[in-house]
Amino acid sequence: MRMKRKVRNVICFLLAIVMIAQIYPVYAEEEYNYTDANGVDYVYTDTGVLLSVEGVVGALDLTEMATAKNITIKAIGNGAFQYCSTMTSVNLPASVEIISPSAFYNCSSLSEITYEEGSKLTTIGDFAFTFDSLLTDFHQEGTVANGSFNFPEGLTRIGSYAFESTSPITATIPEKVSIIGESAFEYSETLTVVNIKNDSVVIQVDAFLSTVIIYANEGSTGQAYATANGNTFEQLPQDQEPATTTTQVPATTTTQVPATTTTQVPATTTTQTSTVQTPKQGEKYTVGGLIYKAASESTVVFLKPAKKSITKLVVPDYVTIKGHKYAVTGISAKACYNLKKLKNVKIGNRVSTIGKQAFANCKKLQKITIGTALTKIGENCFRNDKKLKTVTIKSKKLKKVGKNCMRGTSKKKFIVPQTCISKYKLLFSTAK
C-alpha cells in the first residue's frame, strides 16, 4: 500500500509540473550582436529587447537596424543608451511598446526623438530621459520639430523623473495616459504649456513646475493639480486642439517688439551703462528672491533665500547684477539651515562647494539635484533631513564629503554617474 501511495504521489507531482509548465511557459532568451556600417554595436534579444548600443552613434534610426536584422524591436532595455554622449537623435520603430527605466538617461547630446506612424508605444519608464538637457522635441516622424513633446496616442504611462531637466516649450499628454509620475517634468524649466487630455489622469507630486500653464477640462484632475500647486489653469479648447505658445508669440514679436527695441533699447542701454558700477567683492545683492555675495570679479556665492517660507529652491548657473553676469560657484554655510517648508532643491552646474550645515535640519526636504561642478560637500550638510529620499549628483568631480553629512536622514536613493558609483559609495559611507 505504501509503495502504491508513493507511486501515486510521484505521478501527481509530475502532472502538477506539466500543468504549471502549460500555465507558465518558460522561454529561453538569447542575446545577439550586430555591427552596422558605421561601426555601431548593438546587443539585442530574440524577444525583441534592445539591450545596449555602443559606438559613435550620431543620428540613430532604429528602423534601419530592425530591417537589417529582420527583427521586431518591442522594447528599449533598462539603461540601453545611458550616458551615450554621441547620440543626437533617435527614430523609434512603430513596434516599440516600452521605453524602460533609464533607457536614455543622461544622453547629453540628444535633442530629438521621433517615432513611426502607428506607434505602439505605451510606457515611458522612470528616469527614461533624465538629464537630457538638449531634448526639445518628441514627435511623429515627418512632422515638424517645433520645441514640443507630442506623444503617441496609445501612450498610457509617463514614469517618475522621466523628462526631468529636458527642454521642450510645450507638451501634450494623450487621452490614454493614466499616470504622470512624480517629478516627471519638474526641472524642465523651459516648459511653459502642458495640454492634458485625460480628465482623470493621476498626476503625482511635483510633476510640473508651478510656472507651467495647464490646459485641461473643468473639473478634471489637471485643474485640481493646477489649483493645488499654484499653476495657471486654462480650459482645454473644445476641439481638443492643444494649446501652444508658438501660435501667438510670433505675431507679437514681429509687429511690436522690433519698433520698441530699435528705437528705445539702444538709447536706454547706452545711457545706463555709462553709470553702471561693477559690484564690489563682499557686497550682498538680491536677485530673483535669493541673496548672493560677490566673491570675485566674475563669481558669487548663494547666501540664503530672501524669504524663509520657500518650498522650492533653484540655484542658477549665472546671475546678472548691475548689468554684469556672474557664475554662482558656491553655497554658503547654513544657507538654508532650518528652513521648515523647503521640499525640493536644484543646484546649478557652476557650484563647486556646498558649505557646512547648508541644508541641515530641513525636515521637509525630500530631494536635491546637484550639478556637474561639485567637488566638496561640507560637514553636517544634510543632517537631520529626515524626509530626504533622493540625492542626485551629476558631477564626476566630487572629492570630499564632510563628517556627519547625512546623519539623521532616512533611507536615500543616490543617483550618480555610473563611473563614480564605487567612489561615491565610499565617500558617503565614511562621512556618516
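This is a predicted model: local features need pLDDT of at least 70, side-chain atom pairs count only at pLDDT 80 or more; totals for chains, interfaces and linings use all residues.

Q: Which strands pair with strand β25, and how do they run?

A: Strand β22 (residues 312-315) is joined to β25 by four bridges, and the two run parallel. Four bridges also join β25 to strand β27 (residues 367-370), again in parallel. Within these pairings, V314 stands opposite K346 of β25, and I347 stands opposite I370 of β27.

Q: Are the two faces of strand β25 covered or open?

A: In a regular strand, side chains alternate between the two faces of the sheet. In β25 (residues 344-347), N344 and K346 lie on one side, with V345 and I347 on the other. These four residues are all buried, and both faces are covered.

Q: Which residues have the most contacts inside the largest nonpolar core?

A: They are I76, F81 and F208, in a core of 59 residues. Beyond its neighbours within four places in sequence, I76 is in contact with residues including L50, L62, F81 and F104. Another core, of 45 residues, lies apart from the largest one; F302, L313, L342 and V401 are among its members.

Q: Where is D126 placed, and what is its relative accessible area?

A: D126 is in the loop between β9 (123-124) and β10 (137-140). Its relative accessible area is 25%, so D126 counts as partly exposed, since buried means under 20%.

Q: What joins the side chains of D126 and R157?

A: A polar contact of 3.2 Å joins them. D126 and R157 are 31 residues apart in sequence, and their C-alpha atoms are 9.8 Å apart. D126 is also in contact with P101, S102, G159 and S160.

How values were computed: Residues are numbered from 1 along each chain as its sequence is written. Side-chain values use heavy atoms; hydrogens and water are left out. Buried means under 20% relative accessible area, exposed over 50%, partly exposed in between (1.4 Å probe, protein chains only). Two strands pair if DSSP finds at least two bridges between them. A nonpolar core is a set of buried Ala, Val, Leu, Ile, Met, Phe, Trp, Tyr and Cys residues joined through side-chain atoms within 4.5 Å. Contact means heavy atoms within 4.5 Å. A polar contact is a pair of N or O atoms within 3.5 Å; within protein, one must be able to donate a hydrogen and the other to accept it, and residues adjacent in sequence count only if both atoms are side-chain atoms.
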